[in-house]
Amino acid sequence: MIEFINEYQIFKLDTKNTTYAFKIVHDDFSVHLYYGKRNDDAERLNALYSESPVSFAPYNRQIGVNFSLDTVATELSFFDSGDLKDTAVKIQNENGDCVTLFKYRGYEILDGAVKLGQLPNSFGADKTLCVKYEDIVSGCFLYSYYSIFYESDTIARFNKVVSTGKKAVIKKIASGQLDFGKADFTFLSICGSYYNEGHILEYPVHIGKQGVYSNSGHTSHKFNPFCMLKSPCATETNGDVYGIELVYSGDFEIQAEKTISGFIRLMAGINHETFSWELEDYFYTPEMILTYSDRGVGQVSRNLHNHLRNHLINPEFVVKKRPVVVNTWEASYFDIDEEKLFQFAEIAKKIGIDTLVVDDGWFGKRNDDTSSLGDWRVNKTKFKSGLRAFSRKVHDLGMNLGIWIEPEMISENSELYRLHPEFVLKAKDRECSLGRHQMVLDLCNPKAIEYVVHELTETLADVRLEYIKWDFNRSLSEVGSCVLPDGKQNETKHRFILGVYEMHKKLTEAFRGVLFEGCSGGGGRVDAGILSFCPQIWVSDNTDPVERVRIQNAMSLAYPLSAVSCHVSNTVLNAMEKGTDYGLRFNVAAGGVLGYELNLLQLTGKTKEEIAKQIKKYNAISPLILTGDLYRVDGLDCGQSAFYILSKEKDVACVYYYNVGQSKRNVTLANILPNWKFLDFETGKSVNLDEIDLTAKTNFLHIYQVLSVKNENA
Ligand code: GLA
């Protein structure tokens with residue numbers, strides 16, 4: 001699965017359906033040969049490399065005019081050493097120049113995965129290749145890791161730089177680079193803003209630089225740390241597609257660069273504009289996950305889904321049924337108390353909801369969003385008998401309990417701020433801007449982490465809880481840390497993220513067995529780094545079903561349905577939807593992890609019955625959401641969309657269809673799933689898909705037994 005072919009000096013990394021290959025040339029340089037469909041012909045792979053005279057590009061005087069780092073595809077590129085494109089690694093040397101050149105010094109093939117310092121990374125690799133490079137001037141070694149995951153057709157890459165004692169500052173270090181040589185691609189990713197997440201971004205890679213990034217200290221609503229590169233004719237089911245995803249929750253960049261000759265380079269990693277690192281001992285980059293398929297966008301999504309489910313998300317929650325929650329936020333906002341919430345729990349129990357989630361407002365003096373973040377002690381006016389007694393009462397009903405926290409924040413109006421103003425993340429001599437009236441804790445400071453972890457564990461330790469929603473409601477600004485010396489202030493953002501992970505580690509360990517849900521004002525921190533601690537994420541505060549169709553579809557490009565938390569609410573935003581159509585709301589929310597977010601006390605008996613039926617139906621669908629394979633249906637009219645989830649055994653399918661646009665095209669189920677044969681799950685009778693007319697429907701959701709699978713991709 002990973003071999004070094006001595007005859008050709010080629011490293012060949014194979015997964016079930018893909019091959020990745022690179023070659024050592026002139027003893028010192030690793031040139032990229034191939035990433036694509038499985039290819040076991042080493043001679044042919046070797047023949048992909050050739051040299052020819054270069055004009056104008058700098059060349060190495062010992063090797064001669066036929067070799068330039070500017071014209072060959074490389075595994076990693078180095079600043080100011082002859083490669084004139086944007087490069088992956090830039091180190092400032094002792095004398096202040098930034099010339100960087102790492103040369104090949106050997107390799108090692110290891111069993112399994114390698115743990116990535118304080119950063120989260122994929123587990124359960126089959127093999128890991130570690131390639132060693134040395135830069136004699138900076139005195140650094142660089143170890144480039146490639147872990148392969150055979151069954152999911154994925155490769156995880158990261159780099160480690162090790163100092164030998166000379167002064168060196170890392171100015172830029174990508175997690176990985178993919179040089180395609182001459183190529184033609186479309187760049188696809190996800191963009192958005194608060195309450196408006198999940199827009200698919202797609203354009204042809206043009207000459208120059210382009211890509212996605214964050215500079216807000218978290219992954220952000222603006223772009224997601226994920227992209228695909230599609231060959232121009234690739235579709236949902238066909239064609240060459242590459243997928244890239246970063247396991248990182250801070251400032252990132254994924255950049256594609258194309259030259260006039262058509263050469264394309266893709267790089268992904270920490271955003272170097274807001275980063276530098278004075279090397280003391282070693283530095284790890286975040287992990288980058290790569291995949292490829294010749295079977296279109298859909299298969300690349302499935303590869304990423306399989307990777308995240310099998311190698312990143314806590315295995316304890318991968319197949320365990322997720323709770324159907326009722327969340328108090330949209331129902332009551334800060335206006336909560338134990339009597340009211342107990343009434344919620346009673347109704348919830350009757351209609352089949354299994355977990356009551358107490359959202360914001362249960363602690364300190366938190367009656368609006370201007371105070372108390374950091375004061376993680378229960379509000380005794382709202383919970384007179386305390387959280388522990390409340391939890392016992394809720395559990396006595398047969399319900400589970402969840403709670404909301406926002407541990408990385410501090411309100412100006414809080415006991416914590418009065419006690420520890422130095423815990424605020426803030427640049428020296430600058431005034432700190434507010435975001436939602438709040439400031440951010442300096443997680444570079446271990447004392448700040450300790451303090452909050454201690455407060456939360458003290459308050460919640462004896463409270464029986466099954467679920468915690470972890471929020472993060474503002475972006476970073478005026479970034480600096482009083483625990484770092486002057487020369488290291490530019491390390492603050494990355495150190496902050498290491499602190500974020502440390503806090504996640506500590507709290508998830510303190511509350512073992514509790515399901516954590518990530519959130520950041522909805523979708524401000526949807527990424528694989530957070531997923532390694534929180535198996536599901538609240539991807540948007542926007543619960544309008546019409547908007548949600550778009551948001552959830554975009555998220556499904558990179559994240560499994562089981563990672564996306566979706567609630568039925570009754571906020572009415574979209575004129576297209578007359579009133580609150582619980583049918584559409586449910587059929588959309590049932591495309592992920594279902595929950596409810598509405599005032600149960602105001603529901604009519606009829607609506608309660610309808611919700612009870614929905615939950616029963618969802619309980620049958622839920623195993624498919626957790627482990628099934630997602631197939632999006634291509635080629636529908638604008639406003640129409642459809643997908644189905646097929647069980648791994650290919651014996652059960654759940655079909656979803658929405659028409660939330662203006663399309664009036666006549667369409668039956670047979671049109672979107674030609675030649676499938678289903679049995680009705682309940683009656684056991686065969687289903688004539690021609691007779692299922694979707695034309696007048698805005699939505700449709702049904703679960704079937706599969707008689708025959710007619711999808712060439714399934
Ligand atoms: C954010 C979350 C919401 C809710 C509020 C509470 O906006 O996205 O779901 O938890 O915070 O303040």
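Two strands pair if DSSP finds at least two bridges between them.

**Ground rules**

I am looking at a predicted model, where local features need pLDDT of at least 70 and side-chain atom pairs count only at pLDDT 80 or more, while totals for chains, interfaces and linings use all residues. Residues are numbered from 1 along each chain as its sequence is written, and side-chain values use heavy atoms, with hydrogens and water left out.

**Entry: strand β3 and its partners**

I started with β3, residues 18-25, and looked up its neighbours. β3 is joined to strand β4 (residues 29-37) by eight bridges, and the two run antiparallel.

How many residues of β3 are buried? I found eight of its eight, with buried meaning under 20% relative accessible area, exposed over 50%, and partly exposed in between (1.4 Å probe, protein chains only). In a regular strand the side chains alternate between the two faces of the sheet. In β3, I saw Thr18, Tyr20, Phe22 and Ile24 pointing one way, and Thr19, Ala21, Lys23 and Val25 pointing the other way; all are buried.

**Entry: an open sheet**

Next I traced six strands that form an open sheet, in the order β31-β32-β33-β36-β34-β35, with antiparallel pairing. β31 (629-632) and β35 (686-687) each have a single partner strand because they stand at the edges, so one side of each lacks a neighbour in the sheet. I checked the β35 end: two bridges join β35 to strand β34 (residues 677-680), and these strands run antiparallel. Phe678 has Val687 in β35 as its bridge partner.

**Entry: around the ligand**

Which residues are closest to the ligand? I noted Asp359, Asp360, Arg436, Lys469 and Asp541, from a shell of 13 residues that surround the ligand; a residue is near a molecule or strand if one of its heavy atoms lies within 4 Å of it. The shell divides into six charged, four nonpolar and three polar residues. For that sorting, Ala, Val, Leu, Ile, Met, Phe, Trp, Tyr, Cys and Pro count as nonpolar, Asp, Glu, Lys and Arg as charged, and the others, Gly among them, as polar.

I then looked up atom distances. An N or O atom in the side chain of Trp404 is 3.0 Å from an oxygen atom of the ligand. For the side chain of Asn473 the corresponding distance is 3.2 Å, and for that of Trp538 it is 3.4 Å. Taken alone, the ligand exposes 300 Å², and the protein buries 96% of that; the areas come from the Shrake-Rupley method with a 1.4 Å probe, and for residues only the protein chains shown count as cover.

**Entry: cysteines**

How many disulfides are there? I counted zero, taking a disulfide as a pair of cysteine sulfur atoms within 2.5 Å. The sulfur of Cys482 is too far for a bond, because the closest cysteine sulfur, in Cys444, is 9.3 Å away. Cys566 is also too far for a bond, because its sulfur is 13 Å from the closest cysteine sulfur, in Cys519. Is each of these two buried or exposed? Cys482 counts as exposed at 54% relative accessibility, whereas Cys566 is buried at 1%.

**Entry: two helices**

Thr492 is found in helix α8 (residues 492-510). Thr492 is buried, with a relative accessible area of 0%. Its side chain reaches the backbone oxygen of Gln489 at 2.5 Å, which I list as a polar contact: a pair of N or O atoms within 3.5 Å, where within protein one must be able to donate a hydrogen and the other to accept it, and residues adjacent in sequence count only if both atoms are side-chain atoms.

Helix α10 (residues 545-555) is largely enclosed by the rest of the structure, because eight of its eleven residues are buried. Among them I noted Pro545, Arg548 and Met555. At the N-terminal end, Asp544 caps α10, with a side-chain oxygen 2.9 Å from the backbone nitrogen of Val546.

How values were computed
Helix = DSSP H or I, 4+ residues; strand = E, 2+ residues; numbered from the N terminus.
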